[in-house]
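Reader: I am new to this structure and would be grateful for a close look at one part of it. Please describe the surroundings of the ligand, and then how that part relates to the remainder of the chain.

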Amino acid sequence: MEQKTKSGIDEIHILWSSEGMSCDGDSVSVTAATLPPLENILLGLVPGLPKVHLHNKVLSMQTGDDFMAPFHAAARGEQGPYVFVVEGAIPNEEIHDEGYFTSMGNDPETGEPITLSSWIDRLAPKALAVVAAGTCATYGGIHAMAGNATGSMGLADYLGWDFRSAAGIPIVNVPGCPVQPDNFMETLLWLLYQVAGEAPMIPLDDKLRPTWLFGKTVHEGCDRAAYYEQGDFAHDYNSPKCQVKIGCWGPVVNCNVTKRGWMDGVGGCPNVGGICIGCTMPGFPDKMMPFMDEPPGASLSSLLTSKAYGPMIRRLRGLTNTTINEEPKWRHRGPRLTSGYNPRHGGDTGKGGSGGKP
Ligand code: SF4
Ligand code: SF4
Ligand code: SF4
């Protein structure tokens, strides 16, 4: 059933590229959403929304030219209103003289592959909203680790942190490896209501994350927090107690899965025995490695959990939180690879390649 919206936009497309440096895990993850389920949006069961068409290669029944047609039409400005979703890190195509790192479809004129960077250049400025799904797309993630050969970066590193969509909306980052399904669907729902004229500007923090989803730490929602407060710590993984001494970064990581769970309220890393490795953070993974070591300040803070020392501990945690909320400095555009990549076989890193030394 066609729905009329306040803004007059009655039909909208979601153009979703998972052709970045990606494992497609975020596409798979959103199929587990319940708040709302993706299929409810696509079937028009959520009131007040335009009719939504999803174009995602993992979830699509179409293949080949049929699948690519809406992307080409959007690049020509002929597709109508759309939201552009990017999954996966963006490799730096400026650091080599030939070839490419990743592409999606071919140019109908030349038959040449179209790189992800080129798609972003074509589609992002015309989109009503641009969303980065998962940590690779938001901040670079594991593909952007120290020593990587591709110069991978997050979407805001590529487009610029002050980028605005055709509707004046900043890039919206929904990190997580993979993205928590309901975090993504709530964000998408907000943006669809916003373009329908039913919601105000989406509230984002300075890392472009929805504030209502990433405003609290893992620790603040953890089922094991009472053990922490009592100074009762796990020393191996076969324990229900606080895991800070075996590597949990929860006290300084912005993530809501200890409250929300992973699928329909079930799971949520520390709640079910997994240490938090900070997969939602801009500094992930480099600033949290090695994962199994005790995070900085954990011994002190776990010793001093009292009213008297609480404010000092919160300040120290604030400093660590600020550090890991910054991406490493090598995630950037430009012809120079500064990740510290060291080609083992004496190969050329390409145009401007650093050969391992920034
Ligand atoms: Fe895969 Fe995680 Fe990257 Fe998503 S964020 S593409 S799930 S590695
Ligand atoms: Fe905090 Fe991690 Fe301990 Fe949970 S397991 S209380 S998140 S330190
Ligand atoms: Fe990632 Fe930690 Fe959140 Fe688990 S609790 S999803 S490891 S940030």
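Author: Two helices, helix 1 (25-30) and helix 5 (135-139), each supply at least two residues of the shell around ligand 1; helices (H or I, at least four residues) and strands (E, at least two) are DSSP runs, numbered from the N terminus. This is a predicted model, in which local features need pLDDT of at least 70 and side-chain atom pairs count only at pLDDT 80 or more, while totals for chains, interfaces and linings use all residues. Residues are numbered from 1 along each chain as its sequence is written, chains are lettered from A and ligands numbered from 1 in the order in which they are written, and side-chain values use heavy atoms, with hydrogens and water left out.

The shell around ligand 1 consists of S22, C23, G25, D26, G134, T135, C136, G176, C177 and P178, where a residue is near a molecule if one of its heavy atoms lies within 4 Å of it. By class, four of these residues are nonpolar, five polar and one charged; Ala, Val, Leu, Ile, Met, Phe, Trp, Tyr, Cys and Pro count as nonpolar, Asp, Glu, Lys and Arg as charged, and the others, Gly among them, as polar.

D24 joins K57 in a salt bridge (3.8 Å, N to O), defined as a side-chain nitrogen of Lys or Arg within 4 Å of a carboxyl oxygen of Asp or Glu. This pair links distant parts of the chain, 33 residues apart: D24 is in the loop between strand 1 (11-17) and helix 1, and K57 in the loop between strand 2 (51-56) and helix 3 (64-75). The whole structure holds ten salt bridges.

An automatic or database domain assignment divides the chain into domain 1 (11-213) and domain 2 (219-324). Their contact (heavy atoms within 4.5 Å) takes 23 residues from domain 1 and 16 residues from domain 2. The area buried between the two domains is about 1500 Å², of which carbon and sulfur atoms give 57%; buried area is the accessible area (1.4 Å probe) that two parts lose on being put together, summed over both. In domain 1, M145, Q180 and R209 lose the most area to domain 2, together 28% of what that side buries.

Between the domains the count is one salt bridge. R260 forms a salt bridge with E186, with the closest N and O atoms 2.4 Å apart. Helix 5 and helix 7 (181-195) each supply at least two residues of the side of domain 1 that touches domain 2. The largest share of that side, four residues, comes from helix 7.
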